[in-house]
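Biologist: I am new to this structure and would like to learn how to read its contacts. Could we go through them together, one feature at a time?

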Amino acid sequence: MRSRNLFFFVITALFVLVSGCGTNSNCPVCGTTENGSYTIINIIPVPEHNPTGAPGGPFNSFDISWVDPVNHRFYVADRIGLDVVVVDTLKNVALNAIGGDNTVAIPASLTPSPCIKDAGGNDIIPPLRSVDQTDFTRFGCRTAPPGGTAFSIPNFGASGDLGGFPGAQCCASRGNGVNPLSCPCGIVVTADGKTMFVGNASSSVVVFDLTTNPPTVIADIPTGQPPDFDALPDGVGPCIVSSAGRALSDPTCGDMRADEMSYDEKDKVLLVDNGDPGVPFITLINVANVVSRTGTVSQQHCLPVTPNQPYSFANPPTCILGQIWFDGSPTNSTGSCNVASSAPLAGIAGVPCIHAPVAPAGLGGSAFNPNSGRFLSVLPNNGPDPTLGEVEEIDFTAFGTARPVITKTFPIKNCMPTSIVQGPGNNFLVGCADHDGVAFPPNEYVIDGSSGTILATIDKVGGVDEIWFNPGDNRYYLAARDMPGGPVLGVIDAKTNQWLMNAATNSNSHSVAVDPSNNHVFVPLQSGGVCGTQSQNGCIAVYARQ
C-alpha cells in the first residue's frame, strides 16, 4: 500500500510541477486563476486508507480542514486514521500524518516512543500501536508506575508521547450518536504556520509545534472532564450504550469532545466549543506563552496550578480565562457551573464562569472579529423555537469585571447556524443547516459583524457545515453536505454576495479549505465514484476553476 501510494504521489507531483498553474482553461491538473466552472483537477490518496480495513479502512470519517497559506499546507482531521493528514497544496501530495502512538499512519522509518517505562525509567518497547492500558491515557503517557499520579510536561512524560486521538469510536457517523466521542475534530493553525490546535474527544485541545520534524506536542489543555476511555474493563462502552435514548448521559461520557475553535491572533486567545449532548459550553484560553514559546515552563505548556499533578477539577489549567455555560441560569450571571454529572474546569482558582441561556441544539462554529476585538459564536438553536438560531458576540476581556461577557445577540431565522467566517471588511458569512427534524430551504446569510444586520440572503446553497473565505479570489466556499438533491461544494462571490455555482461532491462531504496562492479548493471525500481510482479508499479532491 505504502509503495503504491508513494509512486502515485511522485508521478502526480512531477505532473503538477511540469504543468504549472495559470490562466489556461481546461488544464486537467493545474486549474486556472480565471473565471470558469469548477471541477476536480486532482485526487489525493490519504495515507494508510484502503477498503480492506487493514490498517485504516476507507477514509470515511473526517472533520474540520484548515489551510496554512504561509507553508502551503492543508490539514484535515482524520478520525479513521486517528491523526491529522498533511497535504502540500502546491504539489497536491499527501506528505505525512500527525498523531499519537495509536495513529495508523506511523511512518515505517519512525519507531514510536512507547509509554511504558521500567523501574529505571527506560523505554519498554510495546507492540506497534498497542500500549498497556494502565500507562496509556488520552492526555498522554503517565510517568509513574501503573496507578501512579506523577505528571510531567513538557512532552507529556519522559517518553515525549501524545497518547493519541480516540478516532471514530464504534464507527462513528452522524446517525449513530457516537460522534461526540470521535476526534480529532476542530483545527486551527496560527497565521505564522508554526502552531496547530486540534480538538480532541478527551475534552481537551492538543497543541502541536509545527516547526519540529515530526511535529511535537507542547500542550494538552483540558476544557472539561474527559470521557473515561481508559476505564477498565469497558472504557466508554456504557457511554456509547447511553447514546440510544439517554443522550450520552452516562457518567463515563464526561464532557465529550472539544470541537470547533477560533483564534484571536492579536491577543493570542483561543475559543473552544464543547457543544455536544449535555450542557454545551465555551472555553476561552490565553495561549500567548504557548505560541511564543516564552515565559516559565508552566506558562509555555499551560500546566495545571500544581504542575506535578494531573489536571483535575481542583487542579485546572493556568491559562484558561473563563467559560460560558449554556445551562439556562440567568444570562451572564457568575457562579459555579458545576451542573448535573459534569464538573467543568471553571469557577476554580480564580477562573470565572458565566452562565447563558439554554442552547438545546448545542453549539456551532465561531470566528474572531478583528474590527471589534470580539468573538462571534453561533448557536444552532437558542430556545423552544427550532427555526430560530443566533449569533452571539463575546467579549473575552470582560471576565472578572461587572460588564457582560455576551455583549450582543443577533437572531438568525429559518437557519441552524453551524459556522461563521469573516469575508471582506466587516462582512461575515453564516452557514446554515437543518436540525431537530426541521429541514430548512437552502439559505445562507451575510451579516455585518458589528450590528448583525443581514446584508444578503443566498438561497441557492444550504445544509452546510464548514465554510471558508478565500482572499485569493474573494470567494466563499461551502461544504453543503445536506443540499437537497445531493451534497455540493457551493461558491459565493464575496464582493457582490451573489451565489455563483454548486459543484457535486459526495455523501457527508462537510469539510473545505482553500489555498489563496493558487485558489485550489481542498475537499475531503468519503469512498465513492467521485474519487476515481481511489473510489474504494476515499480521497481528498482538489477543485479549481476551468
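Biologist: Which residue forms a salt bridge with Asp276?

Modeller: A salt bridge is a side-chain nitrogen of Lys or Arg within 4 Å of a carboxyl oxygen of Asp or Glu. Here Asp276 meets Arg257, with the closest N and O atoms 2.5 Å apart. This is a predicted model, where local features need pLDDT of at least 70 and side-chain atom pairs count only at pLDDT 80 or more, while totals for chains, interfaces and linings use all residues. Residues are numbered from 1 along each chain as its sequence is written, and side-chain values use heavy atoms, leaving out hydrogens and water.

Biologist: How many salt bridges does the whole structure have?

Modeller: A search of the whole structure finds eleven. One of them joins the side chains of Asp88 and Arg73, at 3.6 Å from N to O. Asp88 belongs to strand β4 (residues 83-88) and Arg73 to strand β3 (residues 73-78), 15 residues apart. Asp88 is buried at 9% relative accessibility, whereas Arg73 is partly exposed at 23%. Another salt bridge joins Lys460 and Asp459, at 3.1 Å from N to O. Lys460 is partly exposed at 41%, and Asp459 is partly exposed at 47%. Salt bridges that share partners also join Arg257, Asp259 and Asp276 into one network.

Biologist: Let us turn to the rings. How many aromatic pairs are there?

Modeller: Rings of Phe, Tyr and Trp (its six-membered ring) pair if their centres lie within 6.5 Å; planes under 30 degrees apart count as stacked, over 60 as edge-to-face and the rest as tilted. By this rule there are ten aromatic pairs. In one of them, Tyr38 and Tyr477 are edge-to-face, 5.9 Å centre to centre with 75° between the planes. Tyr38 lies in strand β1 (residues 38-44) and Tyr477 in strand β26 (residues 475-480), so this pair ties together parts 439 residues apart in sequence. Tyr38 is buried at 8%, and Tyr477 is buried at 0%. Elsewhere, Phe368, Phe375 and Phe396 form one aromatic cluster.

Biologist: Which residues touch the most other members of the largest nonpolar core?

Modeller: A nonpolar core is a set of buried Ala, Val, Leu, Ile, Met, Phe, Trp, Tyr and Cys residues joined through side-chain atoms within 4.5 Å. In the largest one, with 34 residues, Val521 and Ile540 touch the most other members. Strand β31 (residues 539-545) gives the most to this core, with six residues. For contact in general, the rule is heavy atoms within 4.5 Å. Not counting residues up to four places away in sequence, Val521 touches several residues, including Tyr38, Tyr477, Leu489 and Tyr543.

Conventions: Helices (H or I, at least four residues) and strands (E, at least two) are DSSP runs, numbered from the N terminus. Buried means under 20% relative accessible area, exposed over 50%, partly exposed in between (1.4 Å probe, protein chains only).
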